[in-house]
Amino acid sequence: MLEAYLKSSCEIAAPCNRVDPVKETDEVYDFIVVGAGTAGSIVAGRLSEMKNYKVLLLEAGGHEPIGARPPSFYRNFWSNEDVDWSFRTVPGEYCLDQGDKGCMWPRGKVLGGTSVLNGMMYHRGHAADYVTWGKDWSWEKNLPYFLKTEGNKEIGTVVKDDYHSDSGPLPVQRFRYQPPFLHDLLHAIEEAGLPIVDDMVNPETPEGFTITQTFSENGQRYTTARAFLKPRRERPNLHVKLHAHVLKVLIENNVAHGVQYYDEKGQIQTVIAAKEVILSAGALNTPHILFHSGIGPRRMLEKHGISVVADLPVGQNLRNHIGMTLYFTLKKIENRRVLDWSVLTEYLLKGEGPMSSTGITQLTGLSYSSLANKTLNQPDLQFFFNGYYAECSQTGQVGEPVGNCSHKGMNISINAVALLPRSVGYIMLNSSDPLVPPLFYPEYFSHPDDMVMVKDGAKYVQRIIKSDILRNEYGIKLDSAFTSQCAPLTEWSDKWLECMARVNTDPQNHQVGTAAMGLVLDHTLSVYNLHGLRVIDASAVPTLTTGNPQGTIMMVAERGADYIKEHWSSNL
Ligand SMILES: Cc1cc2nc3c(=O)[nH]c(=O)nc-3n(C[C@H](O)[C@H](O)[C@H](O)COP(=O)(O)OP(=O)(O)OC[C@H]3O[C@@H](n4cnc5c(N)ncnc54)[C@H](O)[C@@H]3O)c2cc1C
């Protein structure tokens with residue numbers, strides 16, 4: 001029923017002004033971009049600004065589903081195989097709460113990619129993060145490209161113009177609604193002696209907690225596809241083909257000249273790139289396409305009968321933030337649904353209220369572990385908060401209890417996350433069939449420092465929940481449903497925290513580095529030893545940034561598109 005109401009609003013349901021895909025592709029394009037996600041949408045959009053070139057954007061998924069735009073539904077599409085690749089890691093000594101299934105790793109399979117199902121938080125990391133990227137990718141060189149994408153709506157009110165821009169195509173601002181509990185959480189954080197800042201992106205305030213700015217406008221999620229891809233009547237030289245699952249890049253004499261893809265009818269199609277193929281299929285899929293194109297570690301490729309085109313360490317530098325989730329119950333608060341008829345009406349009429357936000361998830365914070373070098377202004381811990389979501393209810397009635405436990409207290413959770421983990425994972429081929437996903441080995445906690453950082457983070461959480469306001473007014477207590485596996489150990493002891501980190505692992509979704517600059521790519525994002533093939537997405541990012549990565553990946557996409565434009569305009 002909710003879907004029917006959302007459908008009644010053209011802007012929320014998304015059909016207005018949306019990209020009109022082609023049914024069939026032409027035989028030849030100048031540029032073929034693979035993956036219409038966070039980075040690919042920017043790359044294709046920017047390349048199509050060169051009106052004399054034809055650009056094809058191939059995307060394995062379909063249109064954005066109804067319900068993707070209200071921010072409060074941001075978790076609704078995880079594990080929905082129509083829009084999520086629904087990857088899982090190879091099981092290890094982590095994510096033990098998920099049985100022997102490994103960790104769940106959501107990834108968008110949809111126009112807009114993972115920017116359709118992420119938390120929308122805007123960050124860029126810190127200047128020190130980019131030192132390891134080489135001189136061509138220094139903070140100073142990257143800053144103009146961060147600004148190029150950003151359309152900040154709160155310069156002069158929430159943030160200063162020193163580090164922000166209002167002229168980019170992607171709107172950035174705080175959500176219009178904050179649950180009252182969020183302000184009490186901020187008081188608790190202050191009580192714990194931790195700083196509150198206005199702007200987490202401002203390099204002058206690297207440490208602190210804040211209500212984050214998000215990729216949003218009029219109470220709706222704003223993806224890079226929405227910002228950068230235009231209907232064909234406006235950009236006739238950009239063709240978007242949906243439900244096109246790319247299998248491999250075609251390479252002859254070390255020159256990439258096209259791709260092969262499966263279409264929606266299960267037919268294999270070939271399309272030629274006269275100038276370049278650009279892989280923007282994300283940190284988990286781009287390496288998979290490279291493997292099947294003959295680019296990767298020789299022994300692994302040969303084992304699967306794939307002819308080697310370039311022996312490169314693809315998939316070998318899988319990096320991700322890692323943390324633990326601590327679950328709590330607010331015993332003094334009744335467990336009532338946030339979404340009801342009045343909330344829906346407020347959203348449909350004004351784009352405001354609980355549906356226009358992500359509950360307490362819009363709060364985040366950065367701080368330092370005992371291993372951090374504070375002089376670098378590079379915090380190595382981040383905190384995330386979960387709860388108070390206006391998600392689907394059963395009756396829509398105001399005050400509907402959740403399940404059968406209406407008086408048992410409201411559930412929230414807090415994640416303590418290491419931003420500079422030392423553990424590095426890898427990706428391996430699982431089959432010679434390109435439709436079979438590869439194997440993901442994240443190697444979480446394989447370096448002992450990572451556990452130290454996560455435990456330090458949990459101790460900050462302990463300080464916050466010990467505040468008078470959370471104890472006295474909310475009756476906050478650890479949720480016993482999530483501590484049973486570690487129950488014999490003393491709560492908050494070192495051993496208990498280690499157990500909790502392995503059971504209630506927070507495997508974040510910030511994977512980068514699987515076809516990294518310096519290892520697989522040169523500084524212009526071209527694959528070493530080949531012509532006409534670049535990687536422009538999270539795979540290219542060599543080391544993690546200390547914050548949410550979408551801002552960084554958008555910057556990489558802007559710079560990558562500029563490298564291509566520069567190359568071909570000087571070769572005209
Ligand atoms: C649950 C969640 C919450 C997150 N929250 C935040 C946040 O709040 N802030 C933040 O900054 N970051 C966040 N992130 C991370 C961020 O969203 C990702 O790092 C970023 O979107 C990755 O961008 P990308 O362009 O590399 O890949 P994607 O956006 O994943 O794009 C890849 C695209 O390629 C397509 N594709 C893949 N394989 C093929 C193929 N073979 N053929 C054709 N197409 C293909 C995919 O379907 C997809 O559309 C979150 C991620 C998740 C999963």
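The residues of the shell around the ligand comprise 18 nonpolar, 21 polar and four charged; Ala, Val, Leu, Ile, Met, Phe, Trp, Tyr, Cys and Pro count as nonpolar, Asp, Glu, Lys and Arg as charged, and the others, Gly among them, as polar. The model is predicted: local features need pLDDT of at least 70, side-chain atom pairs count only at pLDDT 80 or more, and totals for chains, interfaces and linings use all residues. Residues are numbered from 1 along each chain as its sequence is written.

**Ligand surroundings**
- The ligand is surrounded by 43 residues (C-beta atom, placed from the backbone, within 6 Å), and the closest are Gly-35, Gly-37, Gly-113, Gly-119 and Gln-550.
- At least two shell residues come from each of α3 (38-47), β11 (245-252) and α13 (550-570); helices (H or I, at least four residues) and strands (E, at least two) are DSSP runs, numbered from the N terminus.

- Strand β5 (residues 150-152) pairs with β6 in the parallel sense over three bridges, pairing requiring at least two DSSP bridges between the strands; Asn-152 has Val-172 as its bridge partner.
- Strand β8 (residues 214-217) pairs with β6 in the antiparallel sense over two bridges, and Phe-215 in β8 stands opposite Val-172.
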